[in-house]
Amino acid sequence: MLSKVRIEPECAVAAANLPRVMDNVRIKVRENGPYLVTGAIELIDADGNPYTAEGNVVLCRCGGSASKPFCDGSHRTNGFTATERATAVEE
Ligand code: FES
């Protein structure tokens, strides 16, 4: 079952502008690790360079990767821990 989560207004605006090709994208938060993105995506880095991918893409969440925005496994050795969880919204 899918739960609804609260999305900050600035994130909602950004999500509304995403191309619809990303309708079947799944993002899994890995325990103390990266985001695992599954599906056909377009990723645009901080310099505006677009990347397209289909399948699995692993995005750095710890900030330690030498190949950002992609995970290079550094989270395993840099002490990264993350305890945050998405919070479902009551309707
Ligand atoms: S999450 Fe893997 S290197 Fe940052």
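A residue is counted as buried if 20 or more other C-beta atoms lie within 10 Å of its own, as exposed if 12 or fewer do, and as partly exposed in between. By this criterion Ser 65, with 19 C-beta neighbours inside 10 Å, counts as partly exposed. The structure discussed here is a predicted model.

**Overall organisation and confidence**

Read from the N terminus, the elements follow the order α-β-β-β-β-β. Of the 91 residues of the protein, 7% count as buried. Among contacts between residues at least 6 apart in sequence, 32% join residues at least 24 apart.

The mean pLDDT of the protein is 85, and 77% of its residues reach 70 or more. Confidence is lowest in helix H1 (residues 9-16), where the mean is 66, and highest in S2, at 95.

**The three-stranded sheet**

Strands S1, S2 and S5 form an open sheet in the order S1-S2-S5, with antiparallel pairing. Strand S1 (26-29) and strand S5 (56-59) stand at the edges; each has a single partner strand, so one side of each is left without a neighbour in the sheet. On average, neighbouring strands of this sheet are turned by 20° against each other, direction ignored. In general, strands of a sheet pair through backbone hydrogen bonds, in either a parallel or an antiparallel manner.

Strand S2 (residues 35-38) pairs with S5 in the antiparallel sense over four bridges. Within this pairing, Val 37 has Val 57 of S5 as its bridge partner. S1 and S2 are likewise joined in the antiparallel sense, over four bridges. Here Arg 26 has Thr 38 of S2 as its bridge partner, and Val 29 stands opposite Tyr 35 in S2.

**The hairpins**

S1 and S2 form a hairpin with five residues between them. Asn 32 lies in the loop between these two strands and has a positive phi of about 50°, although Asn 32 is not a glycine. With 14 C-beta neighbours inside 10 Å, Asn 32 counts as partly exposed.

Strand S3 (residues 41-44) and strand S4 (residues 50-53) pair in the antiparallel sense over four bridges. In this pairing, the bridge partner of Ile 44 in S4 is Pro 50. The hairpin of S3 and S4 has five residues between the strands, and Gly 48 takes a positive phi near 90° there.

The bridge partners named above are collected in the following table.

| Residue | Partner residue and its strand |
|---|---|
| Arg 26 | Thr 38 in S2 |
| Val 37 | Val 57 in S5 |
| Ile 44 | Pro 50 in S4 |

**The segment after S5**

Ser 65 lies in the segment after S5. Residues up to four places away in sequence aside, Ser 65 touches Cys 60, Phe 70, Cys 71, Asp 72 and Ser 74. Ser 65 and His 75 are 10 residues apart in sequence, and their C-alpha atoms are 7.6 Å apart in space. The classification of Ser 65 follows from its neighbour count: with 19 C-beta neighbours inside 10 Å, Ser 65 counts as partly exposed, because a buried residue needs 20 or more.

Pro 69 also belongs to the segment after S5. The peptide bond from Lys 68 to Pro 69 is cis, with omega near 10°.

Glu 91 lies in the segment after S5 as well. With 4 C-beta neighbours inside 10 Å, Glu 91 counts as exposed, because 12 or fewer neighbours place a residue in that class. The C-alpha atoms of Glu 91 and Lys 4 are separated by 8.9 Å, while the two residues are 87 residues apart along the chain.

Methods. Residues numbered from 1 in each chain as written. Predicted model: local features only at pLDDT ≥ 70, side-chain atom pairs only at ≥ 80, totals over all residues. Pairing = 2+ DSSP bridges. Axes fitted to C-alpha atoms, helices over the stretch in contact; angles between N-to-C directions. Contact = placed C-beta atoms within 7 Å. pLDDT = per-residue confidence, 0-100.
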